[in-house]
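Student: Please take me through the strands and helices of this model, and tell me what each label rests on.

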Amino acid sequence: MARVSLSLCLLSLCCLSGGAARAGEIAPPPPADYWQSADWQGLPDSTRIEQQTVLYARHDGDSYLGLAILLPDWQRSGQLWQLTRDLGRLGFDTLLLLPSPRQSELDPAAEKRQPAMETFRDQFAERITKLGDAKWKEGGFRLLLAQGTSAAWAANLIASDKLPAPDALVLLDGFFPLPQSNQALAKQVAQTRVPTLDLYQDEPGRWPQLAAEARQSESRRSHKLNYRPYALLTLDETPARIQGWLTHLGWL
């Protein structure tokens, strides 16, 4: 849904309009969520929570099951948002945080800590926590569904106690485009006590499958009993696999 070309045009207009920057001055950078929030403005599911543009949908099931927080990969928000209808029928309120390009530029598993990475990590954790607290209703479950590079960040934040552990974690094509980072992700997933459903597309040789294979190996080595991997033939299988897994956990 979100178009880079549209965002670039909007950014150009933002920088040129209103006389915000006179000749010789440098215009201030746009807000962190500007790139996609501009594209989502006006959509029925777009709203502002804790001064952030997010996508939010209330459940339409017979009862409230909890809050599902969706962390999409960069430029994949529309794809992940398609799960909202199915999650709503199960009883989940759904909250999608618009991603940042920095999550694929900065490596959460880098051995050398960099100020930019630490700042982004703290901000990402704060965003998830604040938005989750604002929309979670007492008595419900917290489900965290992270896609692509967001999965690497989510596992890192949970393992480092920067982010309170959710009641369950779903990874969808989780990876970071570096072998050593995927190995770190595998160890973090294997060591956490959070029940984890690991969904990935069955496409040999691609980063998501290579990363998933590392997680499976590490989880077997660590005897993580509440870890379930599943190779998807198509992304359309995702809702059914999530529902089946939640039934196994006793949520449904």
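**Pairing, burial and packing**

Tutor: Strand β5 (residues 141–147) and β6 run parallel and are joined by five bridges. This is a predicted model, in which local features need pLDDT of at least 70, side-chain atom pairs count only at pLDDT 80 or more, and totals for chains, interfaces and linings use all residues. Residues are numbered from 1 along each chain as its sequence is written, and side-chain values use heavy atoms, with hydrogens and water left out.

Student: What makes β5 and β6 a pair?

Tutor: Two strands pair if DSSP finds at least two bridges between them. β5 and β6 have five bridges, so they qualify.

Student: Why is strand β6 called mostly covered?

Tutor: Buried means under 20% relative accessible area (1.4 Å probe, protein chains only). In β6 (residues 168–172), five of five residues are buried. Ala168, Val170 and Leu172 lie on one side, Leu169 and Leu171 on the other.

Student: Which residues of α8 make the contact with α7?

Tutor: Leu185, Gln188 and Val189 of α8 meet Ala151, Ala152, Ala155, Asn156 and Ala159 of α7, where contact means heavy atoms within 4.5 Å.

Key
Helices (H or I, at least four residues) and strands (E, at least two) are DSSP runs, numbered from the N terminus. Buried means under 20% relative accessible area, exposed over 50%, partly exposed in between (1.4 Å probe, protein chains only).
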